[in-house]
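This briefing sets out the computed features of one protein for use in modelling work. Please view the sequence and the structure below before reading the points that follow.

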Amino acid sequence: MRQRERSARYGRRAPIAAIQQAAGGTSGAIGEIGQTIAQLSLIAAEVAAVAEQQGQASHKIACAIAGAAADACTVSLSIAEVRAAAASNEERSDEVRSGAKRVGNGSAALQVAAGTFLERVHAARGVRSVASPRMRDHETSGGPIDRGNRRAQAGSPVSMIRAQSEAP
């Protein structure tokens with residue numbers, strides 16, 4: 001019986017030892033799980049901090065993009081103003097060109113008219129000299145032709161035409 005009691009005690013001790021051993025292993029595993037959870041918690045905190053920094057950087061980028069868009073709008077408006085000014089300058093240039101062309105045409109017409117006039121004056125002068133001695137007397141005596149020359153200012157178109165007409 002003693003042996004039975006011993007074997008019963010020993011038989012009970014083995015399962016208790018196994019339970020104690022299993023509990024020790026479980027406790028160690030729970031400790032390792034706790035350490036893993038702590039590490040995961042640190043990683044989660046770091047990820048949250050990085051996400052916050054990323055959010056701030058994204059906000060700064062969005063502000064910079066908005067500023068660039070506003071600047072692009074300003075540049076676009078400035079380009080439109082420059083185009084309008086260029087179109088206005090082109091219109092003014094066309095007007096100046098047209099005016100210069102009219103002046104050139106008028107100048108050419110005036111030159112032709114002055115040449116014709118001078119030819120007529122020369123022709124008439126030659127006829128007057130021969131046909132009318134009285135006209136020759138007026139020319140040399142300060143008559144109407146000389147007075148006309150005195151009224152014309154030196155260098156004016158009228159004085160130049162008269163000077164050319166008086167040339168032999």
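The accessible surface of the protein comes to about 13,800 Å², and carbon and sulfur atoms account for 61% of that area. The model is a predicted one, with an average pLDDT of 78. Its secondary structure consists of four helices and zero strands.

**Fold and burial**

- Read from the N terminus, the order of the elements is α-α-α-α.
- Helix H1 covers residues 2-131, and helix H3 covers residues 144-151.
- Of the 168 residues in the protein, 7% are buried.
- Among contacts with a separation of 6 or more, 39% are between residues 24 or more positions apart.

**Confidence**

- A pLDDT of at least 70 is reached by 66% of the residues.
- Helix H1 has the highest mean pLDDT among the elements, at 85, whereas helix H3 has the lowest, at 43.
- Over residues 129-152 the pLDDT stays under 50, and the model has 22 contacts beyond four places in sequence for these residues.
- Where pLDDT is low, predicted coordinates should not be read in detail.

**Salt bridges**

- The whole structure contains two salt bridges.
- Side chains of opposite charge can pair when their charged atoms come close.
- Arginine 92 and glutamate 95 are three residues apart in helix H1, so about one helical turn separates them.
- Arginine 92 is partly exposed, with a relative accessibility of 44%, and glutamate 95 is also partly exposed, at 48%.
- Another salt bridge links the side chains of arginine 97 and aspartate 94, at 3.2 Å from N to O.
- Because arginine 97 and aspartate 94 are three residues apart in helix H1, they too are separated by about one helical turn.
- Arginine 97 counts as exposed because its relative accessible area of 51% is over the 50% cut-off.
- Aspartate 94, its partner, is partly exposed at 37% relative accessibility.

**Nonpolar surface**

- Leu40, Ile43 and Val47 make a nonpolar surface patch of about 290 Å².
- Leucine 40 belongs to helix H1.
- With a relative accessible area of 52%, leucine 40 is exposed, and therefore it passes the requirement of over 30% relative accessible area for a patch residue.

- How many disulfides does a search of the whole structure find? The search finds zero.
- A disulfide is a covalent bond between the sulfur atoms of two cysteines.
- Cysteine 63 is partly exposed, with 45% relative accessibility.
- Cysteine 73 is likewise partly exposed, with 44% relative accessibility.

Technical notes: Residues numbered from 1 in each chain as written. Predicted model: local features only at pLDDT ≥ 70, side-chain atom pairs only at ≥ 80, totals over all residues. Heavy atoms only, no water. Patch = residues over 30% accessible without salt bridge, like charges linked within 9 Å, V, L, I, M, F, W, Y side chains within 5 Å. Areas by Shrake-Rupley, 256 points an atom, 1.4 Å probe, with all protein chains shown as cover. Salt bridge = Lys/Arg side-chain N within 4 Å of Asp/Glu carboxyl O. Helix = DSSP H or I, 4+ residues; strand = E, 2+ residues; numbered from the N terminus. Buried < 20%, exposed > 50% of the residue type's maximum accessible area, 1.4 Å probe, protein only. Disulfide = S-S within 2.5 Å. Contact = heavy atoms within 4.5 Å. pLDDT = per-residue confidence, 0-100.
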